[in-house]
Amino acid sequence: MVRTATCPICHQPLAKADGSIPDTMPFCCKRCQQADLYRWFAGKYAIVEDLAPDRLAQEMFQSEDQDVNPE
Ligand SMILES: [Zn+2]
């Protein structure tokens, strides 16, 4: 069963038509990545340990190939 991963900001599917994953995951694009960062700061440093992007990404895409650049 394939789980569809979606961007936590705009809720669009992360996977592109060819099945590849953007290197901005777990966000669909840099814009959403920055939006999340801004939201995080604006949220007065809310604790988000349970939503650590690295961990989420690992769980969501563990079946994908490994050449993703965490940047
Ligand atoms: Zn997005």
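Buried means under 20% relative accessible area, exposed means over 50%, and partly exposed is what lies in between, with a 1.4 Å probe and protein chains only. By that rule, 18% of the 71 residues of this protein count as buried.

Before I go on, a word on the source. This is a predicted model, in which local features need pLDDT of at least 70 and side-chain atom pairs count only at pLDDT 80 or more, while totals for chains, interfaces and linings use all residues. Residues are numbered from 1 along each chain as its sequence is written, and side-chain values use heavy atoms, with hydrogens and water left out.

Now the overall layout. The protein has two helices and zero strands. Helices (H or I, at least four residues) and strands (E, at least two) are DSSP runs, numbered from the N terminus. Among contacts between residues at least 6 apart in sequence, 35% join residues at least 24 apart.

Next, the metal site. Which residues are the protein donors of the zinc ion? They are Cys7, Cys10, Cys28 and Cys32, each through its SG atom, at 2.3 to 2.4 Å from the ion. Donors are N, O and S atoms within 2.8 Å of the metal (3.2 Å for Na, K and Ca); water is not among the atoms, so sites may look incomplete. Along the sequence, the spacing of these donor residues is C-x2-C-x17-C-x3-C. The arrangement is tetrahedral because the four donor atoms subtend angles of 102 to 117° around the zinc ion. For four donors, tetrahedral requires all angles to lie between 85 and 135 degrees. The structure holds zero disulfides, a disulfide being a pair of cysteine sulfur atoms within 2.5 Å.

Let me turn to the segment before helix H1, which runs over 30-42. Phenylalanine 27 lies in this segment. Is phenylalanine 27 buried or exposed? It counts as buried, because its relative accessibility is 6%. Not counting residues up to four places away in sequence, phenylalanine 27 touches Cys7, Pro8, Ile9, Leu14, Pro22, Cys32, Gln33 and Asp36. Two of those, Cys7 and Cys32, are also zinc donors. From phenylalanine 27 to proline 8 it is 19 residues in sequence and 6.6 Å in space, C-alpha to C-alpha.

Threonine 24 is in the segment before H1 too. At 6% relative accessibility, threonine 24 is buried. A polar atom of its side chain lies 2.9 Å from the backbone oxygen of phenylalanine 27. The threonine 24 side chain also reaches the backbone nitrogen of cysteine 29, at 3.3 Å. Leaving aside neighbours within four places in sequence, threonine 24 is in contact with Cys29, Lys30 and Gln33.

The peptide bond from methionine 25 to proline 26 is cis, with omega near 10°. Proline 26 sits in the segment before H1 as well.

Histidine 11 has its place in that segment. Its phi is positive, about 65°, although histidine 11 is not a glycine. With a relative accessible area of 57%, histidine 11 is exposed. Histidine 11 and phenylalanine 27 are 16 residues apart in sequence and 9.1 Å apart in space, C-alpha to C-alpha.

Aspartate 18 is another residue of the segment before H1, and at 63% relative accessibility it counts as exposed. Its side chain makes a polar contact with the side chain of serine 20, at 2.8 Å. A polar contact is a pair of N or O atoms within 3.5 Å; within protein, one must be able to donate a hydrogen and the other to accept it, and residues adjacent in sequence count only if both atoms are side-chain atoms.

Last, the aromatic rings. The structure holds one aromatic pair. Tryptophan 40 and phenylalanine 41 form it, edge-to-face, with 5.3 Å centre to centre and 75° between the planes. Rings of Phe, Tyr and Trp (its six-membered ring) pair if their centres lie within 6.5 Å; planes under 30 degrees apart count as stacked, over 60 as edge-to-face and the rest as tilted. Tryptophan 40 is partly exposed at 31%, and phenylalanine 41 is partly exposed at 44%.

Definitions and conventions:
Four donors count as tetrahedral if all angles lie between 85 and 135 degrees; four count as square planar and six as octahedral if opposite donors are over 155 degrees apart and all others between 65 and 115; anything else is irregular. Contact means heavy atoms within 4.5 Å.
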